[in-house]
Amino acid sequence: MDENIKYIGLFAESNAIEVANFCVYLDSPIDHADIRRFDESREIKDLYPAINSPDMLQIRIGNQRQGSSSPPPVPVKQLNHYRPDGKPDWTGSFGENRILVSCHFYDSWESVWLDAKKRLDLLLGCVDQYKNIFSIDYSVTDTFSARRADESLVPSNLFKDNEFIAKYILKSKDNRWDFSQGWFENPTTQDQVLMRIEGQGGIENDVVIASIVNLYSQRPSTKVAVKDLLDSVDGNSILDQVFEQFHDQNKRLLRQLLVDGLLDRMGLGE
């Protein structure tokens, strides 16, 4: 193992994942009927004991008929579940055109996806089942830290020589770096998939913090309704298939990006 690897701290004990986001975007907004079904769900309140709706400011531009009134804005529900130490392990949101479930305490894909799917199923069950899907998104933030003096998180110690990161960044000896790029892929489903990598290194109180965010966004090539996402064949739904595919893509991408010693520590070595 490279000498520098031992000086790099992972965000969690067994992996570097700070947060994993599971998101479904609709092609029309969540409405008051959807919110009513949300409010009536006891199971959602059990999973997210701390639910709040931030104050919203509604601005109307243009003429308004005398005596008429604008419908009240649809509130965005902010969802939170906290561990005994007061730190969040699951958060999310339900509103606008988005259903988001975020895991802040990642142990293994098998257990995290089981919990994330349970939450997504409940939240999607509150939505009009004939609303169409705009996209299904998955993003993972891996975070690393090291003392500035160790110089362990300069790009050449963190990344392999690869086709995704510019050569001048890979050759830099500075702890501060930043890159972002994206591209479209067409997997066997023929649905359009946007893949994006964002990386950043910076210094906070003489500690170097580096993060890599990988995003996967699948946009259906034909109309897919909410009910279609949840329909299961032999226990396997579209939702299962897409997020399992994203998980596999993320592992492959990280293996192309990160040095082998770091992959071994993260449990991703081959």
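1. Let's start with Ser237. Leaving aside residues up to four places away in sequence, Ser237 touches Lys117, Leu229, Leu230, Asp231 and Ser232, where contact means heavy atoms within 4.5 Å. Ser237 sits in strand E12 (residues 236–237). With a relative accessible area of 3%, Ser237 is buried; here buried means under 20% relative accessible area, exposed over 50%, and partly exposed in between, using a 1.4 Å probe and protein chains only.

2. A word on the source. This is a predicted model, in which local features need pLDDT of at least 70 and side-chain atom pairs count only at pLDDT 80 or more, while totals for chains, interfaces and linings use all residues. Residues are numbered from 1 along each chain as its sequence is written, and side-chain values use heavy atoms, with hydrogens and water left out.

3. Now the overall picture. The protein chain has eight helices and twelve strands; helices (H or I, at least four residues) and strands (E, at least two) are DSSP runs numbered from the N terminus. The C-alpha trace spans about 70 × 45 × 40 Å along its principal axes. Of the 270 residues, 45% count as buried. Among contacts between residues at least 6 apart in sequence, 68% join residues at least 24 apart.

4. The expected span is 1.5 Å times one less than the number of residues. The buried residues of H3 include Trp109, Val112, Trp113, Ala116 and Leu120.

5. Helix H7 (residues 238–257) is the partner to compare. H7 has 20 residues and reaches 28 Å from its first C-alpha to its last, close to the 28 Å expected at 1.5 Å a residue. Among the buried residues of H7 are Leu239, Asp240, Phe243, Phe246, His247 and Leu257.

6. How do H3 and H7 meet? Their axes come within 11 Å and cross at roughly 140°; axes are lines fitted to C-alpha atoms, for helices over the stretch in contact, and angles run from 0 to 180 degrees between N-to-C directions. H3 and H7 are therefore oblique to each other, since angles under 35 degrees count as roughly parallel, over 145 as roughly antiparallel, 65 to 115 as roughly perpendicular and the rest as oblique. On the H3 side, Trp109, Trp113, Lys117, Leu120, Asp121 and Leu124 meet Leu239, Asp240, Phe243, Glu244 and His247 in H7.

7. Past H3, have a look at Asp128, placed in the loop between H3 and strand E7 (133–147). Asp128 counts as partly exposed, at 34% relative accessibility. Not counting residues up to four places away in sequence, Asp128 touches Asp34, Arg37 and Val226. Ala16 lies 112 residues from Asp128 along the chain, and their C-alpha atoms are separated by 37 Å.

8. Finally, the cysteines. How many disulfides are there? The count comes to zero, a disulfide being a pair of cysteine sulfur atoms within 2.5 Å. For Cys23, the nearest cysteine sulfur is that of Cys103, 15 Å away. Cys23 is buried, with a relative accessible area of 5%. For Cys126, the nearest cysteine sulfur is that of Cys23, 16 Å away. Cys126 is buried too, at 4% relative accessible area.
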